[in-house]
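Me: I am new to this structure. Could we go through it in short questions and answers?

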Amino acid sequence: MKPLNPRQIWEAALGNLELQVSRPSYATWLKDTVGLTIEDNRMVVGVPSPFVAQWLERRMSSLIENTISQITNQTTGVEFRVVQRHSPGPQSESVRSPQEQRSPHQGNPAEPAKLNPRYTLESFVVGESNQLAYAGALAVASKTGSAYNPLFLYGGVGLGKTHLLHGIGHASVNKGLRCLYVSSEQFTNEFISSIQMKKTNEFRDKYRSVDVLLIDDIQFLRGKEAIQESFFHTFNDLHNSNHQIVIACDRPSAELSPLEDRLRSRFQWGLSADIQMPDRETRRAILEVKASSIGVGVPDAVLDLISEHFLSSVRDLEGALNRVCAYADLTSQPLCLDLAYRSLGDLLTTKKSLVPTPELVIDQVSSFYNVDKRILISKRRDRKIALARQVAIYLLRELVQMPLKEIGSLMGNRDHTTIRHAWSKTLLDRGRDADLATQIAIIRAAIEALLQDS
Ligand code: ADP
Ligand code: MG
């Protein structure tokens with residue numbers, strides 16, 4: 001066994017843990033941790049605050065110990081130690097624009113853009129599913145503040161929105177522009193503390209003095225009127241002075257209904273681009289890029305296996321690749337298909353069974369609305385039948401991820417543009433109509449319950 005470096009072990013453990021815990025809990029408790037040392041068979045993990053240390057200790061230590069022990073091949077304990085934030089690591093590397101280097105203080109607390117060096121426009125793999133978003137990002141990066149302002153990127157989690165924001169950030173910094181990347185949570189926290197500390201002017205100046213403002217996860221502003229108000233003013237100022245704004249959101253713009261109307265209408269000035277899960281070929285291309293960036297030769301069969309099984313997010317896709325590579329590396333075994341099956345075992349089966357069949361979706365929709373399956377796919381347009389049909393199309397797209405054409409032939413040989421229209425209409429209606437949202441949630445829960453049981 002080669003000598004084990006605590007940092008690598010912890011990174012491998014994180015790769016594993018990311019697949020075992022929910023995404024919010026990973027982001028809240030594990031993301032900002034770092035492997036420090038190994039003392040007396042105990043892994044010492046640096047965490048950002050005593051609160052996180054306590055929580056991990058109470059709620060996750062046995063899961064973490066098991067995970068590390070599997071990697072080190074011996075019983076290994078864990079201890080959490082509070083360390084300064086931003087310990088060195090690729091995730092927290094910061095980039096300064098040339099302008100900031102020249103004049104670090106201009107009477108405002110300008111921060112350098114914190115950009116992940118791996119998230120560049122060059123390392124982003126383009127396919128049909130993210131083409132428009134990528135084109136928008138390129139346009140913005142080359143002609144900041146004119147064509148598409150704001151650029152609004154939306155789509156499910158783990159599909160590359162943050163990657164594109166950072167990519168635009170890098171390109172802007174390289175052009176000497178002042179660029180600020182913030183999550184909406186951070187924007188909110190800074191706003192609140194600026195009020196508490198009576199520093200609202202500084203807050204305003206900071207945000208109004210950038211050339212490119214990249215705001216991530218705007219959905220966090222839901223229901224926070226005061227923040228939206230402040231965001232709106234900042235937004236208007238920047239927009240009026242032709243500064244570029246790029247916004248990412250976990251949901252389609254039409255679903256942002258609780259956001260203030262005027263804020264929303266501003267979102268629609270520029271370009272809205274939707275990102276979907278990449279198709280199989282693009283997933284494969286992404287894996288190839290990731291594998292070569294970590295410098296590991298991964299056999300084609302393994303890339304095929306992973307790209308066929310991980311359908312819900314690019315993050316999961318990457319997580320699976322990392323897991324296979326870490327497993328091979330740490331057990332000093334050759335990376336082959338068999339090893340991939342062994343290291344991904346449980347994930348392969350669970351992921352698979354969680355995608356319902358089209359028949360199951362149609363069954364559940366027709367029994368919920370009490371509309372016979374044959375009528376569901378017929379041409380009848382009564383209100384109730386049309387609604388059930390729309391919901392079926394929506395769920396086939398969302399849960400089964402069927403291509404529009406296939407949905408069309410399944411639903412009584414309808415044209416794919418008709419299907420797209422039904423899908424996007426349901427998406428819109430769902431954001432505006434709480435009853436419809438509830439109906440969809442109930443059907444979805446029923447489908448998921450059946451899948452769990454099977
Ligand atoms: P989101 O912000 O949409 O939740 P991220 O931008 O964090 O998703 O992406 C999750 C992971 O997937 C990142 O590591 C990112 O680099 C990777 N990723 C997503 N899409 C692509 C792509 N098209 N090409 C390369 N990597 C991608
Ligand atoms: Mg993101």
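Predicted model: local features only at pLDDT ≥ 70, side-chain atom pairs only at ≥ 80, totals over all residues.

Me: Is asparagine 149 buried or exposed?
Reply: Asparagine 149 has a relative accessible area of 7%. The limit for buried is under 20%. Asparagine 149 is therefore buried.

Me: Where does asparagine 149 sit in the chain?
Reply: Look past helix H6, which spans 131-142. Strand S4 covers 151-155. Asparagine 149 is in the loop between H6 and S4.

Me: What kind of peptide bond joins asparagine 149 and proline 150?
Reply: Proline 150 also belongs to the loop between H6 and S4. Omega for the bond from asparagine 149 to proline 150 is about -5°. The bond is cis.

Me: How many helices and strands does the protein chain have?
Reply: The chain has 454 residues, and 48% of them count as buried. Among contacts with a separation of 6 or more, 72% join residues 24 or more positions apart. The count of elements is 21 helices and eight strands.

Me: Which residues of the largest nonpolar core touch the most other members?
Reply: In soluble globular proteins, nonpolar side chains tend to be buried together. Here the largest nonpolar core has 50 residues. Helix H14, residues 314-330, gives the largest share, seven residues. The residues with the most core partners are Leu164, Ile306 and Leu344.

Me: Which residues does isoleucine 306 touch, not counting those up to four places away in sequence?
Reply: A contact here needs heavy atoms within 4.5 Å. By that rule, isoleucine 306 touches Leu287, Leu317, Ala320, Leu321, Val324 and Leu344.

Me: How many residues are in the second, separate core?
Reply: Tyr394, Ile419, Ala422 and Leu427 are included in this core. Its size is 30 residues.

Me: Which residues come nearest to ligand 1?
Reply: There are 19 residues around ligand 1. By class, seven are nonpolar, seven polar and five charged. The nearest are Gly158, Thr162, His163, Arg315 and Glu318.

Me: How much of ligand 1 does the protein bury?
Reply: Start with the backbone: a polar backbone atom of glycine 158 lies 2.6 Å from a ligand 1 oxygen. For glycine 160, a polar backbone atom is 3.0 Å from an oxygen of the ligand. Taken alone, ligand 1 exposes 560 Å². The protein buries 97% of that.

Me: Which elements give two or more residues to the shell around ligand 1?
Reply: Some stretches of the chain supply two or more residues to this shell. They are helix H7 (161-174), helix H12 (280-293) and H14.

Me: Is aspartate 429 buried or exposed?
Reply: Aspartate 429 lies in helix H20, residues 416-432. It touches Gln390 and Leu436, leaving out residues up to four places away in sequence. At 16% relative accessibility, under the 20% limit, aspartate 429 counts as buried.

Me: Is lysine 198 buried or exposed?
Reply: Lysine 198 is in the loop between helix H8 (184-196) and helix H9 (200-208). Its phi is positive, about 55°, although lysine 198 is not a glycine. The relative accessibility is 74%, so lysine 198 counts as exposed.

Me: What is the relative accessible area of glutamine 401?
Reply: Glutamine 401 is in the loop between helix H18 (383-400) and helix H19 (404-410). Phi of glutamine 401 is near 55°, a positive value in a residue other than glycine. Glutamine 401 is partly exposed, with a relative accessible area of 41%.

Terms used: Residues numbered from 1 in each chain as written. Chains lettered and ligands numbered in written order. Heavy atoms only, no water. Core = buried A, V, L, I, M, F, W, Y, C linked by side-chain atoms within 4.5 Å. Buried < 20%, exposed > 50% of the residue type's maximum accessible area, 1.4 Å probe, protein only. Helix = DSSP H or I, 4+ residues; strand = E, 2+ residues; numbered from the N terminus. Near = heavy atom within 4 Å. Polar contact = N/O pair within 3.5 Å; in protein donor to acceptor, adjacent residues only side chain to side chain. Areas by Shrake-Rupley, 256 points an atom, 1.4 Å probe, with all protein chains shown as cover. Nonpolar A, V, L, I, M, F, W, Y, C, P; charged D, E, K, R; others polar.
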